[in-house]
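Subject: Two-chain model, with notes

Dear colleague,

I am passing on the structure we spoke about, together with some notes on what turned up in it. Please keep it open beside this message as you read.

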Amino acid sequence: MADSVAVKPREAVTGPARGGGHRSTKRSRREARAAYLFLAPWFAGLLVITIGPILASLYLSFTDYSLLEEAKWVGFDNYVKMFTEDPRYISSLKVTTIYVIVSVPLQLAFALALALVLDRGLRGLAIYRSIFYLPSLLGGSVAIAILWRKVFGADGLVNALLGAFGIQGPGWVGHPDYALGTLIILHVWTFGAPMIIFLAGLRQIPSSYYEAAAVDGAGPLRQFRSITLPLLTPIIFFNLVLEIIKSFQSFTQSFIVSNGTGGPADSTLFYTLYLYLNGFRDYDMGYAAAMAWVLLLIIAGLTGVNFLASKYWVFYGDTK
Amino acid sequence: MSSGKKMWSAALLATAVLAVTAACGSDSGGESADGKVKVRFSYWGSDARQKMTEEAIKKFEAKNPNIDIEGEFSDFGSYYETLATKVAGNDAPDVITIEIRGLREYAERGALADLAGKVNTADIDAKVLATGSLDGKQYAIPTGVNAFSLVVNPALVEKSGQKLPDDTKWTWQDYVDLASKITAGSDGKVFGTQQSFNPGYLEIFAAQRGEKFYNGNKLGITPDTLKAWWANMQTLIKTKGTPDAAKSVEIGAQSVDQSLLGTNTGAMGMWWSNQLGAINKASGQDVSLLRMPKAEGATTGGMFLQPAMLYTASSKTEHPAEAAKFIDFMINDPEAGAIILSDRGLPASSKVLAAVKDKLPETDIKTLDFIDEVRSELSDPPAAPPKGASAMEDILTRYSEEVLFGRMTTDDAAQKFLTEANASIAG
């Protein structure tokens, strides 16, 4: 879907200019031909594996398609149904939006805070970095989702801790008021990937800025506000765009923790989970395809807004 | 060789390799290289089932050296999506295992072949066999049967100072009372029972009130029945006969090993009878089956047999004869039965059942005795539910949750459930 949206730091885009000149046009033409030939398998793959299915799904989104029978053209019916006669669709949209709005800022704040601590040049930094990165590798996995049920279950770890203070906690994953909260915590816990990127960003800030600021009498808080934060805005922006896209597409956590239902009482019915249920359980692939396209539009729209807004708060060193 | 030529040949080689690997990937079956007829057989389940099935397949291949059976196995969670994708891609397996709730989806869309006369069904109970027949065509052959029943751990009941009920007479009120007394008698260490939102439970409950779950392409259940069904659940929570709503939902989403019975923290529960072995193993206790409680003054107990699984053949298979032969072997051959035992339900074929009875594990003998005991009271096995029934358990669970968490009144939930469920099976 939309994970092909790639935001690259500027340096990477404008590489060193190509040398060579006109001396060996024959040779360079031959090289170009070879290059295209080498690219051909990849391009064939792109056509067959990516672009083909994308176009097919666009077509299917205008059909009634059960997977088992031929698709029947129904025009915009699927799209109309989504917003007029499917309350579960609207509620899946709500659940996902809440999830994104709450978990992304929390996760980024957490990632930045830890990156700042790690950037102090602790001994054994590499080890800490790996440990904190681990949840990012595991976060979307089935094992962790199962572990989450153990931690936040009625007789889970959290309630055992609360019990030590005499508090009787509810079954967090089984309660419609709290279940989404546990998934948000799960998402925040996978802060490792943005943290690594923040760390790299922090390393890029010349220490001479801090030295100069210290000479001028700026305290750590002031330094953070006037140096670190502005110079880090491109990295924050990058992480923000990426995490919004990723969390809109979250699926596994809800699928495993709710046993594939989005329960209790639809409180964890993620957009993609509802899409999956429509397509593969209810054999309504046309509707599922239409949902996928709306999701693409939502994500593309949000990313676009993000880019527009970035003009006002993202500071690239080279733009004066 | 100039560097340009080298590059050319390298690129060509790369493309060629890709083309070859792609060709290997799209091997669509039919005949194997050694002239054997290849028949693909899809099923789901545990590793243990896979081993068992592979063993049975070997037996079949030894008897039919010209047929090569290729098992296509996946876990239950991803089974139907893989199957639907294969069927959509004109790559359907020749022999397909299916559940009764999904049968119509495939049969009515022309994906399955009529097996009448191709597989010997003489030893299968006619009423059970009829569940695999739609519009006069025998699309599916049941592998074995289950009954939705009450599972009890007698030791835990007695430990909390209660007696096992007389299950030929007990009512829903007795059941609710007993559950709360067990919880109270064990100082809350053991819950009386566990909530179940299984459509099988509602089917039995409704039958006792003279209502069918499915009446053609509509639900035959009245709002009053739903309200009474939920009222029992609410009472159970209020009287602590079951855990609170949140914990009930949590354990409901887990496998039977994690159930209250499985972890020895509950004395009763409702399951399909084939779960008895798993509960027995998980709890390490001697658990038994009981008749489901009855409504006051009910003339029928409402319990019924349902096929555990069904074997079907793809309508697009190139080898219908070989596919049917394999199904026949799996259903009727005592040697296959001796390997599979009760893994796909208690064998549907009475001959196979008689042949393997001595080899069955103790819990299966118990189940068998139980089913024999209640056989005369059983209702007819319900016909295959309408299309869209695969979603029923989720819809029922969702509205049950709304009720148990007090987010909907039973009146409201009953109306909304009926509307949504009817829409789901009409579409």
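The notes below go from the whole chains to the contact between them, and then to individual helices and loops.

Please bear in mind throughout that this is a predicted model.

The two chains

Chain A has 320 residues, of which 31% are buried, and its secondary structure consists of 14 helices and 2 strands. Its C-alpha trace extends over about 75 × 65 × 35 Å along the principal axes. If one takes the contacts in chain A between residues at least 6 apart in sequence, 69% of them join residues at least 24 apart.

Chain B, with 427 residues, has 48% of them counted as buried, and it contains 17 helices and 14 strands. The C-alpha trace of chain B spans about 90 × 55 × 40 Å along its principal axes, and among its contacts between residues at least 6 apart in sequence, 73% link residues at least 24 apart.

Where the chains meet

The contact between the chains involves 30 residues of chain A and 33 residues of chain B. On the chain A side, the elements that supply two or more residues are α2 (25–60) and α13 (271–281), and α2(A) gives the most, with 6 residues. By class, this side of chain A is made up of 15 nonpolar, 10 polar and 5 charged residues.

Helix α2 of chain A

The unreviewed UniProt entry lists residues 36–60 of chain A under "transmembrane region", along with 98–118, 130–148, 178–202, 227–245 and 285–309.

A helix crossing in chain A

How do α3(A) and α14(A) lie relative to each other? Helix α3 (residues 77–84) and helix α14 (residues 285–313) of chain A pack at an angle of about 75°, with their axes 9 Å apart, and they are therefore roughly perpendicular to each other. The residues that meet are N78(A), Y79(A) and M82(A) from α3(A), and G286(A), Y287(A), A290(A), M291(A) and V294(A) from α14(A). This contact has 6 nonpolar and 2 polar residues, and no charged residues.

Two leucines in chain A

L273(A) is part of helix α13 of chain A, and because 23 other C-beta atoms lie within 10 Å, L273(A) is buried. Leaving aside residues up to four places away in sequence, L273(A) touches F251(A), S254(A), F255(A) and G262(A). With F251(A), which is 22 residues away along the chain, the C-alpha separation is 5.9 Å.

L67(A) sits in the loop between β1 (63–64) and β2 (72–73) of chain A. Although L67(A) is not a glycine, its phi is positive, at about 80°, and L67(A) counts as buried because it has 24 C-beta neighbours inside 10 Å.

Two places in chain B

L341(B) also has a positive phi, near 50°, in a residue other than glycine. It belongs to the loop between α13 (334–340) and β14 (346–347) of chain B. Is L341(B) buried or partly exposed? Because 18 other C-beta atoms lie within 10 Å, and the cut-off for a buried residue is 20 or more, L341(B) is partly exposed.

Helix α10 (residues 245–252) of chain B is mostly covered, with 8 of its 8 residues buried. Those buried residues are A245(B), A246(B), K247(B), S248(B), V249(B), E250(B), I251(B) and G252(B), so the buried set includes K247(B) and E250(B), which belong to the charged class. Among the elements that cover the buried residues of α10(B) are α9 (223–238) and α16 (392–404) of chain B.

With best wishes

Key: Residues numbered from 1 in each chain as written. Chains lettered and ligands numbered in written order. Predicted model: local features only at pLDDT ≥ 70, side-chain atom pairs only at ≥ 80, totals over all residues. Contact = placed C-beta atoms within 7 Å. Helix = DSSP H or I, 4+ residues; strand = E, 2+ residues; numbered from the N terminus. Axes fitted to C-alpha atoms, helices over the stretch in contact; angles between N-to-C directions. Parallel < 35°, antiparallel > 145°, perpendicular 65-115°, else oblique. UniProt positions renumbered as here; feature names shortened; annotations may be inferred. Buried ≥ 20, exposed ≤ 12 C-beta atoms within 10 Å, placed from the backbone.
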